[in-house]
Each structure stands twice: as structure tokens, then as C-alpha cells.
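Trainee: I would like to go through this model step by step. Can we begin with the terms and then turn to the residues?

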Amino acid sequence: MGNPKAFMTVPRKEAGYRPIQDRIHDFGEVEQTLNSKDRQLQASRCMDCGVPFCHWACPLGNKQPEWNDALYKGNWEEAYKLLSETNDFPEFTGRICPALCEKSCVLNLTMGEPTTCRENECAIIEHAFLEGYVVPKNYARNGKKVAVIGAGPAGLSVSCQLNKMGYTVTVFEKNESAGGLLRFGIPNFKLNKSVIDRRVELLEAEGITFLYNQNIDLQKLPEGFDAYAICTGTPTARDLNIEGRELKGIYLALEMLSQQNRVLAGQKFKDSELVNAKGKKVLVIGGGDTGSDCIGTANRQGAVSVTQIEIMPEPPVGSNPATPWPMWPNIKKTTSSHKEGCERRWLLNSNKFIGSNGKLTGVEVEGVIWEPNPNGGRPIMKLDGKKEIIECDMVLLAMGFIKPEHPQYAPNVFLVGDAASGASLVVRALASGRKVAKEIDNFLKQ
């Protein structure tokens, strides 16, 4: 490393967010950027730790010490080359990855101030695009064809890798554009869709064909291909089928998030079709990232108030002795959206939706007690009898997605990403795409 002691004198510095009263009125990306000098200083904090747990923790196996060192020394092109060896789309992960690398950084484990790997990653790839390092390449074709069903992160990853190996790749996507949840689930204030368009244009220039509005029957896959990659994700959201579910004003999270992204892309909807929080008291059920995205979107649409409830206990702030490293730290996460205005509550179960004249007016909730399971495994949930009604005229259900079930496919059909594992992280979908591309290559070389 160029300066193995920089972490002793250079404190962690994050780019931070645009001011709340500025960003709350638009859907522009909330995260700011550091200038090049400060970014290089942050890269210098990556110490010569001997065992780079960041590399081990990253599903992609990113070489954080190597490209941080190159960045620190001002060799941006070398940093880009090192980064792109393991990550096909650092412009995505650099914006929305929860940074497993930083959770395992030695500086995090010892000081609580990890190297800013995620932000450094984003800075490297944006600099690479700006300076013209990222250019389309031509690959010799091997005469074999692969169909990829789904253009989400897993589909883009497996397509990119197969194309580099020489396969002629055709991507079939059910929506009007590529990206999957990157485009239709993650709000623009976290990931501007021009970032996706820029990469898809590059993939097309490298020879990948994208076919949109294609509803493929997985039992009748398109003919004429040597292998198939099923990258359909987890399309079914977890619903909450309790009394009153039929009332008007109750939506799955993606009904709002995907529509808002389409509105920003220029699509028009009738007033009766809009899922909009303007002037409404919004209740978000579910405490994860999707719930957070609903909060940020509802506030930008003009909600009167936003409340988020979670059935699990409130985690501690900063560190949690119950989930020591290398476990994923179960700690309280406060996002930029939470800071924009939201009441957060824990240990609440939703009993029933309440309404008047067919419209939602509130939700009856009840306190939850989690008791240890004598047989081990998941704790046992019990209700404490303390009920109350949370007034609301809009509910957004953000409780995750159901793992899809697949039939027995032919040997030349491969499951990729969430379609295989159930809902997970974008970075894991990208890693799955790279892994399955090798499996397809090995299969077709037999």
C-alpha cells in the first residue's frame, strides 16, 4: 500500500446527502460526491491489513485494497481496470450496495470507521466514463446462442459474461426497458435511470440483443438456443391478507414505486390509476429497504404524514453483540428517506384494515412479544393484547417477496440470481450471473 498509516491521521469522510429541503422536492439522486483530492485521501485509508476481509465478504470478490491503492496514487485508469475485473456494473453497486465489504473492513472491526469502499467504487467508474476508459469491445463469436429470460441485475450480469465468452446473447424482457428492480423498484433518488441506460447502450454496442415486452412462458422457452438462463427474479410480493384487504387505499410497495419511476420516464396514467400519496396519511408496513423507498417516495409526492411499522424489535444503534462479525450486523439503519420525515415503530402486528364506504381509514395493530423457541430456530411470536388504531388513508405493503417455485427444467436451462435463491441483494445477483455464466460455458463445451 502507498500509505499504510493514513488511517491513523485521515478520518472517514462520507460525501453525505443534499440538504433535505432541497432534495425533498425532486427525484434527483440524494447522494453527493467528494472532490478528487478528498476521494484519494479516503482511498489512502485502506491500510495494509494483511488479510483483506473486504475481498472475502464481497460476493463478487472485489479487490478493494488493489483499486483503493491505485485510486490513492491517482491512477484512475488502473483503478477502473482492477475494479472491472470482478464487477461488471460498479455504477450500480457503487450507489445501492449495502457494502458488505465495509462491514468486514478491519477499520470497521477495530475503530468503527471503515474505508469508504462503496463511494470510492462509484467515483472510480464515474471517472472512467467521464475520461472515456469505458468503451465497447468486440468479441469473437463461438457460434452458439444463449437466451436470457429477464433483464434485471442477474440477467444483465450473465449476459455480459456470456457475451465476453463469445456467445450470441438474446435477452427477453417482459417490461418496456431493461433493469428489473434497478429500474422499476429502486427510486430515482437512489439510482438515476440514465445510469442504467448508459450501460445497456454499451452492452448493445458489444453485441447483446434486447427484446422488450416479451412475456415468455417458462414452460415453452424460445426455440433455437443452445442454453437458457432464467433470470426472472422474485415477481410475487408478500401480501397481507387480513380483514379489510379489499378496501381502497391499500397497495403493494412496487405498485407505487414502479409507477412513480414510469411517471418520471414520461409515461402517462389516468387519475384513477395513480398510486399517489399527495395529501394522505401514509402507513408503511415493513421495515426494510423497500419500506424506506416508500417513505422517500411518499414524502416527495406530498404525504401529510408517514409512519413505518415493523413486526420485529428495534435493533440497537451502532453495534449489536447478538450479531458479531462475521454475521451481518443487525443494527438500526436510518436512511436518507427516514431523515426526510417519518415516525418509526417496532413490535407491531397488523390485525385488520378499517374503512368507511369502501375506503381505508386506519389499521388496527397489536403489540408483539418475541419469546425464545425451546426447539431452537426462529423465536415464537405472541400478541400482548394491547391494541390501537393507526389512522391512515394509504397503506403500502413492503414485506418482501416470495421465493418462486420452478418446474424441472432441461439440463441446458439454468436458474440465476433471485429466481434461484429468493430475494437477495443486487450484488449477489450480479455474482450469481458471473457464476452461472461459467456453468453455462462449461456445459456447452462438453
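Mentor: Start with accessibility. Buried means under 20% relative accessible area, exposed means over 50%, and partly exposed lies in between (1.4 Å probe, protein chains only). This is a predicted model, in which local features need pLDDT of at least 70, side-chain atom pairs count only at pLDDT 80 or more, and totals for chains, interfaces and linings use all residues. Residues are numbered from 1 along each chain as its sequence is written, and side-chain values use heavy atoms, with hydrogens and water left out.

Trainee: As what does Glu371 count at 31% relative accessibility?

Mentor: Buried needs under 20% and exposed needs over 50%. Glu371 has 31%, so Glu371 counts as partly exposed.

Trainee: With which residue does Glu371 form a salt bridge?

Mentor: A salt bridge is a side-chain nitrogen of Lys or Arg within 4 Å of a carboxyl oxygen of Asp or Glu. For Glu371, the closest N and O atoms are 3.0 Å apart, and the partner is Lys382.

Trainee: How many residues apart are Glu371 and Lys382?

Mentor: Helices (H or I, at least four residues) and strands (E, at least two) are DSSP runs, numbered from the N terminus. Glu371 is in strand 10 (residues 359-371) and Lys382 is in strand 11, and the two are 11 residues apart.

Trainee: Which residue meets Glu388 in a salt bridge?

Mentor: Glu388 lies in strand 11 (residues 380-391) and its partner in strand 8 (residues 343-345), so the pair ties together parts 43 residues apart in sequence. The N to O distance is 2.6 Å, and the partner is Arg345.

Trainee: How many salt bridges does a search of the whole structure find?

Mentor: Some share partners: Glu29, Arg95, Glu126 and Arg198 are joined into one network. Over the whole structure, the search finds 30.

Trainee: Which helix gives the most residues to the lining of the second largest pocket?

Mentor: A pocket is an open set of points on a 1 Å grid over the protein atoms alone, where a 1.4 Å probe fits, with protein on both sides within 12 Å along at least five of seven lines; lining residues have an atom within 4 Å of a point. This one is lined by 18 residues, with Tyr80, Ser84, Lys137, Lys164 and Arg199 nearest its centre. Four lining residues come from the top contributor, helix 5.
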